[in-house]
Amino acid sequence: MGFKEFQLKITKKLRLRDFIAKQEGNKKRGSGNGKRLSWMMPITHGYYVAEERLSSGGGGGARPQTPQSNKLECDKVVVQREQVEEQEWWFYGVFDTRIGGGVTKYLQTHLLDNNLNESQMRRKSKETLKKAHVHAKAKIRETEKLENTWKMGSASAIVINGEKLILANMGDYKAVVCRDGEAFEINRRLQTTKPHWSHKLFPVVRRITSDSGKGAGADKPSKSSELVVGSEKIDRDTEFVILASPGIWEVMKQQEAVNLIRHLEDPQEAAECLAKEAITRMSKNNVSCLIIRFE
């Protein structure tokens, strides 16, 4: 073997060694970002529940009033934090008082306290949130008439380690995500096409992926119109989430609500601002809201 041939073999071996070393270095650098710790995505929240007010007796999904009282009951607001192995879980909700306790109890029993590991909880979280609402509503229907229960509502969210967001809304309660200043509602599939030039002048409400959407008979009680559950990743464009009762949405659109509070960094201040604006606009329904902000 000549000197040139020997030199060529040595050169190839050195290049191969350098290539392998480079690949290993990339893997090590990438592995540090594989599991983000919860403190890397600070999550803050604030909520506001208007005190009991007199009911106008109008429509808009208000719960039926008893003869003894014509007051609207306050909504139930839930904020719960759980540490699961190395992950931080948050559960938030704004509920009709009749259903809130049932949803929370079902989640606690079948997800949070079920001795599941981290990966099992991630896989089951969306389906369990859906089942929690269905189960809670079924329990109420055992004691109340159907026409008095189909308009019960809720808006809830599960935040997993600041990385994944699972949302659910039912009835006239809504969960809305603000992504880079734009409102997203969980009702229909997210449009991924490039927005039309007119949308820059007149913002539209877009929607994240969900399990169901509204059909032709959306004004009638049906499985597609009662409960919607969706999920998405949390990234740098995800600014905050609004969970709110019908009293907010009957006097303002989703994008209008986002525009109203987007400049407020304190979620408690934002929640109060949104609720008080709805009251100022003479909302006739329950006024409750919860803001989840991602720093």
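This is a predicted model: local features need pLDDT of at least 70, side-chain atom pairs count only at pLDDT 80 or more; totals for chains, interfaces and linings use all residues.
User: Into how many nonpolar, polar and charged residues does the lining of the largest cavity divide?
Analyst: Residues are numbered from 1 along each chain as its sequence is written, and side-chain values use heavy atoms, without hydrogens or water. The lining (residues with an atom within 4 Å of a point of the cavity, a set of points on a 1 Å grid over the protein atoms alone where a 1.4 Å probe fits but cannot get out) includes Trp89, Trp90, Phe91 and Ile158. With Ala, Val, Leu, Ile, Met, Phe, Trp, Tyr, Cys and Pro taken as nonpolar, Asp, Glu, Lys and Arg as charged and the others as polar, the division is 7 nonpolar, 3 polar and 2 charged.

User: Which element gives the most to that lining?
Analyst: Strand 4 (76-84), strand 5 (87-95) and helix 2 each supply at least two residues; helices (H or I, at least four residues) and strands (E, at least two) are DSSP runs numbered from the N terminus. Thr104, Leu107, Gln108, Leu111 and Leu112 are among the lining residues. With 5 residues, the element that gives the most is helix 2.

User: At what angle do helix 2 and helix 3 pack?
Analyst: Helix 2 (residues 97-112) and helix 3 (residues 118-141) have axes 8 Å apart. Their contact (heavy atoms within 4.5 Å) includes Leu107 and Leu111 of helix 2 and Leu129 and Ala136 of helix 3. Between axes fitted to C-alpha atoms over the stretch in contact, on a scale from 0 to 180 degrees between N-to-C directions, the angle is about 145°.

User: Which element has the lowest mean pLDDT?
Analyst: The protein has a mean pLDDT of 76, with 64% of its residues at 70 or more. Helix 7 (residues 254-261) has the highest mean among the elements, 98. The lowest, 45, belongs to helix 1 (residues 3-31).

Note on methods. On a 1 Å grid over the protein atoms alone, a cavity is a set of points where a 1.4 Å probe fits but cannot get out, and a pocket is an open set with protein on both sides within 12 Å along at least five of seven lines; lining residues have an atom within 4 Å of a point. pLDDT is the predictor's confidence in each residue, from 0 to 100.
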